[in-house]
Amino acid sequence: MPITSYLAHPQEGKKSELLKALTSFKDCEVIPAENEDILVVVTETRDTEEENNLKDKIETLNSLKLLVLVSGFNTPQND
């Protein structure tokens with residue numbers, strides 16, 4: 001189960017719009033920074049393919065300027 005964290009940098013003046021768009025994705029938790037114009041995005045998906053699809057969707061948002069991977073790991077699922 002991949003768990004990944006990113007820093008999302010919005011386009012100028014688009015932080016609220018980006019926050020709203022990111023929180024609409026079911027596998028994202030978003031934490032806005034209080035003192036900077038960035039968002040911390042944590043994703044948790046079932047597999048690497050689902051994670052890649054989610055990342056691709058995030059990268060297509062017009063309010064996003066830059067998405068930076070902070071940490072990512074894959075935990076084995078218990079059968």
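Two strands are taken to pair if DSSP finds at least two bridges between them, and helices (H or I, at least four residues) and strands (E, at least two) are DSSP runs numbered from the N terminus. On this basis, the bridge partner of Thr4 in S3 is Thr43, and 6 bridges join S1 to S3, the two strands running antiparallel. The structure is a predicted model, in which local features need pLDDT of at least 70 and side-chain atom pairs count only at pLDDT 80 or more, whereas totals for chains, interfaces and linings use all residues. Residues are numbered from 1 along each chain as its sequence is written, and side-chain values use heavy atoms, with hydrogens and water left out.

The protein has 2 helices and 4 strands, and from the N terminus on its elements follow the order β-α-β-β-α-β. Strand S3 (residues 39-44) is also joined to strand S2 (residues 28-32), through 5 bridges and in an antiparallel sense. Within this pair, Glu29 stands opposite Val42 of S3, and the two strands form a hairpin with 6 residues between them. The faces of S3 can be told apart by their cover: Leu39, Val41 and Thr43 make up the covered face, while Val40, Val42 and Glu44 make up the uncovered one.

With buried defined as under 20% relative accessible area, exposed as over 50% and partly exposed as in between (1.4 Å probe, protein chains only), buried residues make up 33% of the 79 residues in the protein. The accessible surface, computed by the Shrake-Rupley method with a 1.4 Å probe and, for residues, with only the protein chains shown counting as cover, comes to about 5,300 Å², of which 49% belongs to carbon and sulfur atoms. Where contact means heavy atoms within 4.5 Å, residues 24 or more positions apart account for 67% of the contacts with a separation of 6 or more.

A nonpolar core is a set of buried Ala, Val, Leu, Ile, Met, Phe, Trp, Tyr and Cys residues joined through side-chain atoms within 4.5 Å. The largest such core has 14 residues, and those with the most contacts inside it are Ala8, Leu18, Leu22, Phe25, Cys28, Ile58 and Leu64. At least two residues of this core are supplied by each of S1, H1, S2, S3, H2 and strand S4 (64-74). Leaving aside neighbours within four places in sequence, Ala8 is in contact with Leu18, Leu22, Ile38, Leu39, Val41, Leu64, Leu66 and Leu67.

Gln11 is placed in the loop between strand S1 (2-10) and helix H1 (15-23), and is partly exposed, with a relative accessible area of 32%. Apart from neighbours within four places in sequence, Gln11 is in contact with Asn62, Ser63, Leu64 and Lys65. A polar contact is a pair of N or O atoms within 3.5 Å; within protein, one must be able to donate a hydrogen and the other to accept it, and residues adjacent in sequence count only if both atoms are side-chain atoms. A polar atom of the Gln11 side chain lies 3.3 Å from the backbone oxygen of Leu64. The C-alpha atoms of Gln11 and Leu66, 55 residues apart along the chain, are separated by 8.2 Å.

Side chains of opposite charge can pair when their charged atoms come close. Under the criterion of a side-chain nitrogen of Lys or Arg within 4 Å of a carboxyl oxygen of Asp or Glu, a search of the whole structure finds 4 salt bridges. One of them links Asp27 with Lys26, the closest N and O atoms being 3.3 Å apart; Asp27 is buried, at 19% relative accessible area, whereas Lys26 counts as exposed, at 70% relative accessibility. The side chains of Glu50 and Arg46 likewise meet in a salt bridge (2.7 Å, N to O), in which Glu50 is buried, with a relative accessible area of 17%, and Arg46 counts as exposed, at 56% relative accessibility. A further salt bridge joins the side chains of Glu59 and Lys55 (2.9 Å, N to O), both of which lie in helix H2 (residues 48-59), 4 residues apart, or about one turn of the helix. Glu59 counts as partly exposed at 40% relative accessibility, and Lys55 also counts as partly exposed, at 27%.
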